[in-house]
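Please look at the sequence and the model together, and read the report below with both in view. It starts with pairs of charged side chains and then turns to sheet, core and surface.

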Amino acid sequence: MTGGFDMLVGRFLMIIPALAIAGSMIGKKTVPAGPGTFPTTGPTFTGLLIAVILVVGALTFLPALSLGPVLEHFSALAGKVF
Amino acid sequence: MASPKAKQVSLFDPTIVRQAAVESLKKLDPRLVARNPVMFVVEVGSLLTTILWLRDRILHPAGAAPGWFTLTVSIWLWFTVVFANFAEAVAEGRGKAQAETLRRMRREIKARKLVGGREVSVDASALRKGDMVVVEAGQMIPGDGEIVEGIASVDESAITGESAPVIRESGGDRSAVTGGTKVLSDRIVVRIGVDPGESFLDRMIALVEGAARQKTPNEIALHILLVGLTIVFLFACVTLVPIARYSSIDLSATAIVALLVCLIPTTIGGLLSAIGIAGMDRLLRKNVLAMSGRAVEAAGDVDTLLLDKTGTITLGNRMATEFIPSPTVKVEDLADAAQLASLADETPEGRSIVVLAKEKYGLRGRQVDHGEHTFIPFTAQTRMSGCDINGRVIRKGAVDAIAKHVIALGGALPAEVEAAAARIGDSGGTPLAVSDGPRVLGVVHLKDVVKGGISERFARFRAMGIRTVMITGDNPRTAAAIAREAGVDDFLAEATPETKMRLIKEEQAKGKLVAMTGDGTNDAPALAQADVGVAMNTGTQAAKEAGNMVDLDSNPTKLLEVVEVGKQLLMTRGTLTTFSIANDVAKYFAILPALFVAAYPELAPLDVMHLASPYSAILSAVIFNAIIIVLLIPLALRGVKYRPLGAAAVLRRSLLVYGVGGVIAPFAGIKLIDMALAAARIV
C-alpha cells in the first residue's frame with residue numbers, strides 16, 4: 001500500500017516541475033546559435049551531461065546503496081552471504 | 001579631495017577585514033541568514049549540534065558521541081556560517097570604503113535659493129525638486145539639477161576622479177550638474193532636479209554599500225538549483241538514519257548533520273552574494289556605476305554591442321593625413337596655402353592641417369602680422385574659410401563649395417582634383433579643397449582616425465560571439481569604409497534616434513541582448529530600451545536616468561570592459577558552483593566509510609583515504625568544507641581569469657580546472673587536515 005503510493009508519487013509528482021519547466025520554455029524566444037552559444041552536440045556536452053547525471057545520482061543514492069548492494073558485494077567477497 | 005578612483009583598496013585591507021569580522025558575527029542573525037537558504041540549513045545544523053553537546057554535557061546519555069567531537073563539529077559548523085558571512089562582509093566592506101569617501105563630500109552645503117528674485121540662504125538638504133539656486137565660482141553645487149542660466153567650468157573630480165574641469169552650460173546636452181561638485185568660474189542658476197535622498201550621490205552611496213542590492217534573476221535561478229540540491233541531500237541524509245538502523249547502526253545526529261552540511265553546496269551558497277557584490281565593485285573600480293546587479297549580469301550575456309563611431313571607434317576628430325596637389329601645383333605650395341588658410345581656424349581639423357604642413361614639409365606656423373590680411377571665418381552659407389593676404393585670396397572648404405567659388409572668379413575645377421576627391425570619399429575620408437584666387441591647388445585628405453588596437457578588440461568580441469554594430473551619422477559610403485577599417489561586423493549609417501531605437505528593437509525581437517552607450521537626451525529612449533545602457537556622466541540627466549549604468553569617465557570604449565566584467569561574473573559563479581558540487585564526491589569517501597566501517601569492516605575498501613579514525617574523518621571533512629570558503633574568497637572577489645574564447649572552449653577549460661580539480665582537491669585537502677589533526681593528537 002505505502003509502496004504503491006511511493007511509486008505513484010515518485011512517478012508522477014516529478015512530472016509537475018518538468019511540465020513547469022516546459023511551460024516556461026514556451027514563453028522564451030529562440031536565440032539563433034552563434035560562436036557564443038554552447039553547442040549541445042559533440043563530446044563536451046555529452047561528457048558533461050553524463051558526468052552531471054552520474055555525480056548528482058551518485059551523491060543522492062550512494063549513502064543508501066553503500067549499506068545495501070555495496071555492503072553485500074564486499075561481504076560476498078569476504079565469503080559472507082545473507 | 002581624494003577621488004573614489006584614486007582609492008585602490010587592496011583585497012584584504014586590514015581595516016576592511018577587521019570590520020568584516022565584526023560584521024560576519026552580526027550577520028549570524030537568523031533573519032539575515034534566512035535570505036540564503038543553504039546557509040540557513042547550516043546554521044540550523046550548527047544550532048542543533050550545539051544543543052546536542054549541551055544535552056550530552058548535562059544528561060550524559062548512553063551511547064552518545066564523545067563530547068569533544070560534538071563540540072568541535074558544532075564549532076566548525078558555526079565557522080562555516082561565519083566564513084560565508086565574512087565573504088559577503090568583505091565584498092560589502094570594499095564598497096563601504098568607497099562610500100565613505102563619497103559621504104565625506106556630502107557635508108552640509110549652504111545653498112543660495114532664489115525666492116521671488118531674492119536670494120535666501122538655506123541648507124542644501126532643504127532643497128526640493130524645482131527650486132532655483134545660484135552658484136558662483138568657488139562654491140559647491142548643492143544638488144543635482146540642470147543649469148537654466150549661465151555657463152561655468154565645474155570641477156567634478158569628486159565624482160569622476162578626473163581632475164580637469166568640465167564646462168557646463170544652460171541648454172543642450174551639457175546642462176546637467178551633480179551635487180557635491182564645485183564651480184570654478186562664473187555664475188550659474190541651477191534648477192534642482194531631485195528631492196533630498198534621491199540625488200546621484202545618495203544613490204551612488206546606497207549602491208556601493210550594497211543597501212540597494214536585490215537578487216538578480218540569475219542569482220534567483222541559481223538559488224533555486226541550490227535549494228533543490230539541498231532538499232535532495234536532506235532527504236538522502238534523513239532517510240539514511242532508518243536504513244542504518246535496519247542494519248543495526250545507530251548514527252549520531254552530529255554525524256548526520258556533518259554529512260548533510262558537507263553535501264549541500266555551501267561553498268557556492270556562501271560565496272554567491274559576495275560574487276555579485278564583487279562584480280559591481282569591479283565595475284566601480286573601472287569608474288562605471290551599475291544601477292543594479294541585474295545590469296552587470298545582462299552585460300555578461302550581451303550579444304550585440306551598439307557603438308557610436310565618434311569617440312569609441314575613431315578618435316573623434318578628423319585629422320589631415322595627406323596633401324594631394326593639382327597636376328601643375330607643387331605639393332609644398334598646396335601645403336603652404338592650406339596652412340595659411342587654416343592659421344585662424346581653431347577647429348581640430350584646421351589645427352591638424354597646420355600640424356601636418358609643419359611636420360611633413362617643415363612649414364612653421366608663421367606670424368602674419370606683417371602685410372595686409374583678413375581671416376575669413378567659416379559660415380554655413382559659403383561653407384569655406386580662409387584668408388586674404390597680400391592680395392592672395394586663399395580659401396579652403398568642401399569641394400563643391402570651392403568649385404563654385406573658383407568658377408565665379410573665372411577658374412575651373414581640374415578633373416584630377418575631382419577624381420582625387422572621389423577617391424578620398426570612397427576610402428571613408430573627407431576631401432577639403434584649397435584654392436588660391438581662381439586656381440584650385442589641390443585637396444587635403446581629412447581622415448577619421450580609427451583608434452589603435454580597436455580592430456583586435458572587435459576580433460576578440462567576435463570570438464566570444466558578440467556582434468559589434470557601429471552607429472554613425474555619416475553617409476553609408478563613408479561609414480562602410482570606416483567599418484571595414486575598424487573591423488566591426490555591421491554599421492548603421494545616417495543614424496537618427498529613431499533608427500537607433502528600431503535597430504535595438506529588431507535585435508531584441510531576434511532574442512538578443514543589446515548594449516549601448518549614449519549621452520544626449522535624444523539617446524534616452526534607446527538607453528532605456530537597451531538591455532545594458534551605459535550613460536556618460538557628462539550626459540544629460542535624462543540619459544543618466546534612462547540607462548542602467550553610468551560611466552563616470554564618460555569614455556564610450558568602456559562598454560567593452562563592462563561586457564568583460566559581466567562575463568567574468570557569470571563565469572565565476574558557474575565555476576564555483578561546479579567546484580562546490582564536484583567537492584562532494586571526496587566528502588562521501590571520507591564520511592561514509594567513517595559512519596559504517598565500525599559496524600561492517602567489509603566496507604573498508606571504500607575508505608580510500610585511510611583517515612586516522614571515523615571521528616577524524618568526519619571532522620576533517622567539516623573543516624575542509626569551512627576552510628574552502630575562506631580560501632575561495634579572493635577568487636570570488638577577483639573573479640576567475642577571463643579569456644576571450646568561444647563558449648565551448650571556455651566551458652571545456654572551466655570544467656577541466658574546476659570540475660576535475662574540484663573532485664581531486666578535497667581528497668588531498670581532507671587527508672592533509674586529517675594528518676594535521678592526528679599529528680596534533682586532537683583525534
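B:Glu23 counts as partly exposed because its relative accessibility is 23%, where buried means under 20% relative accessible area, exposed means over 50%, and partly exposed lies in between (1.4 Å probe, protein chains only). The side chain of B:Glu23 meets that of B:Lys26 in a salt bridge, with 3.9 Å from N to O; a salt bridge is defined here as a side-chain nitrogen of Lys or Arg within 4 Å of a carboxyl oxygen of Asp or Glu. B:Lys26, at 55% relative accessibility, counts as exposed. Because the two residues are three residues apart in helix α1 (residues 14-26) of chain B, about one helical turn separates B:Lys26 and B:Glu23. An α-helix has 3.6 residues a turn, so residues three or four places apart point the same way. Helices (H or I, at least four residues) and strands (E, at least two) are DSSP runs, numbered from the N terminus.

This is a predicted model, in which local features need pLDDT of at least 70 and side-chain atom pairs count only at pLDDT 80 or more, while totals for chains, interfaces and linings use all residues. Residues are numbered from 1 along each chain as its sequence is written, chains are lettered from A and ligands numbered from 1 in the order in which they are written, and side-chain values use heavy atoms, with hydrogens and water left out.

**Further salt bridges**

Over all chains, a search of the whole structure finds 23 salt bridges. Three of them are set out here with the accessibility of each partner.

| Pair | N to O | Relative accessibility |
|---|---|---|
| B:Lys26 and B:Glu23 | 3.9 Å | B:Lys26 55%, B:Glu23 23% |
| B:Arg55 and B:Asp56 | 3.1 Å | B:Arg55 38%, B:Asp56 10% |
| B:Glu561 and B:Arg457 | 3.7 Å | B:Glu561 24%, B:Arg457 18% |

In the second pair, B:Arg55 is partly exposed, whereas B:Asp56 is buried. B:Glu561 counts as partly exposed, while B:Arg457 counts as buried. There is also a network of salt bridges, which links B:Arg112, B:Glu119, B:Glu136, B:Glu149 and B:Arg187.

**The sheet**

One member of that network, B:Arg112, has B:Val134 in β3(B) as its bridge partner. Strand β1 (residues 110-115) of chain B and strand β3 (residues 132-136) of chain B pair in the antiparallel sense over two bridges, and two strands are said to pair if DSSP finds at least two bridges between them. They belong to an open sheet of six strands in chain B, with antiparallel pairing and the order β2-β1-β3-β9-β4-β7. At its edges stand β2 (118-123) and β7 (176-177) of chain B, each of which pairs on one side only.

**The interior**

Which residues touch the most other members of the largest nonpolar core? Among its 123 residues, they are B:Leu271, B:Leu305, B:Met549, B:Leu595, B:Phe596 and B:Ile618, a nonpolar core being a set of buried Ala, Val, Leu, Ile, Met, Phe, Trp, Tyr and Cys residues joined through side-chain atoms within 4.5 Å. Helix α21 (residues 558-596) of chain B gives the most to this core, namely 17 residues. Apart from this core lies another of 21 residues, including B:Ala338, B:Ile353, B:Leu356 and B:Val444.

Not counting residues up to four places away in sequence, B:Phe596 touches A:Pro63, A:Ser66 and A:Leu67, and among its contacts in chain B are B:Leu240 and B:Leu603; contact means heavy atoms within 4.5 Å. B:Thr267, in helix α9 (residues 266-285) of chain B, is buried, with a relative accessible area of 0%. With neighbours within four places in sequence left aside, B:Thr267 is in contact with B:Ser580, B:Asn583, B:Ile628, B:Ile629 and B:Leu632.

**Chain A**

Chain A has four helices and zero strands, and of its 82 residues 12% count as buried. On the surface, A:Leu8, A:Phe12, A:Ile15 and A:Leu19 form a nonpolar patch with about 400 Å² of accessible area together. Such patches are made of residues with over 30% relative accessible area and no salt bridge, where like charges are joined within 9 Å and nonpolar side chains (Val, Leu, Ile, Met, Phe, Trp, Tyr) within 5 Å; accessible areas come from the Shrake-Rupley method with a 1.4 Å probe, and for residues only the protein chains shown count as cover. A:Phe12 lies in helix α1 of chain A and, at 48% relative accessibility, counts as partly exposed.
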